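Please consult the sequence and the structure shown here.

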Amino acid sequence: MRQTSENVSPMSNEGRNQYVVEHITQAMLKLMKNHNFNEISISQICDEAGVGRASFYRNFESKEAVISRYLKKLLDNWWIEAIQKPDFNLVEAVFSHYWNHRELCIMLYKQGLAHLSLQSIREACGPKPEQPNIVAYATAYFSYGLYGWIEEWFKRGMQETPKEMAMLWEATQKAQNQVSKERSE
């Protein structure tokens, strides 16, 4: 087909791609509210999004990739905003992020997709290949430990506020330090 102004979108390729990704993501999230993740087909997602299957596969490898990219986008946006706050506390900020998206978090947990939240935490604050071993081990300990807390928080219905969770985290860290100190004496 010869391309003319009548049959070519005025959006750039990047704009069209962004449009497709956004519509696929919103369609996936909408379908997940009423359907089991494993029962949702790529065709259903594309129909809901109003895009073709080729567009889906040009942007995503799988249904999980849709959710993973969305979680990464949420975390990236959160990080840019969070570090600008004068009273920045990493642990409280992480709990606040998940609190602000609790409907999504609980839905992912109920759908058996909580591991995608762990993946996003690992990518954000987990070990990196270029880090020295001790730093990589410490960040692994922190990110997996924090995820354990977050997952348990999801399971229990996110009853505590982010501030309460951060206070519990700090109290636990102090207690662990005290136990370590007593053992070494």
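The sections below go from the basis of the values to the overall fold, the surface and the aromatic rings.

## Basis of the values

The model is predicted: local features need pLDDT of at least 70 and side-chain atom pairs count only at pLDDT 80 or more, whereas totals for chains, interfaces and linings use all residues. Residues are numbered from 1 along each chain as its sequence is written, and side-chain values use heavy atoms, with hydrogens and water left out.

## Overall fold

The chain contains nine helices and zero strands, where helices (H or I, at least four residues) and strands (E, at least two) are DSSP runs numbered from the N terminus. The order of elements from the N terminus is α-α-α-α-α-α-α-α-α.

The C-alpha trace spans about 80 × 35 × 30 Å along its principal axes. Of the contacts (heavy atoms within 4.5 Å) between residues at least 6 apart in sequence, 59% join residues at least 24 apart.

## Surface and charge

Buried residues account for 34% of the 185 residues; buried means under 20% relative accessible area, exposed over 50%, and partly exposed in between (1.4 Å probe, protein chains only). The chain exposes about 11,900 Å², of which carbon and sulfur atoms supply 52%; areas come from the Shrake-Rupley method with a 1.4 Å probe.

The chain carries 21 positive and 22 negative charges, whose mean positions are 3 Å apart. Lys and Arg count as positive and Asp and Glu as negative, while His and the chain ends are not counted; the charges are placed at NZ of Lys, CZ of Arg, CG of Asp or CD of Glu.

## Aromatic pairs

The whole structure holds nine aromatic pairs. Rings of Phe, Tyr and Trp (its six-membered ring) pair if their centres lie within 6.5 Å; planes under 30 degrees apart count as stacked, over 60 as edge-to-face and the rest as tilted. Trp79 and Phe88 are edge-to-face, because their planes meet at 85°, with ring centres 5.7 Å apart. Trp79 is partly exposed at 39% relative accessibility, and Phe88 is partly exposed at 32%.

Trp149 and Trp169 also form an edge-to-face pair, with 5.2 Å between centres and 70° between planes. Trp149 belongs to helix H8 (residues 133-155) and Trp169 to helix H9 (residues 162-184), so this pair ties together parts 20 residues apart in sequence. Trp149 is partly exposed at 23% relative accessible area, whereas Trp169 is buried at 9%. Elsewhere, ring pairs link Phe56, Tyr57 and Phe60 into a cluster.
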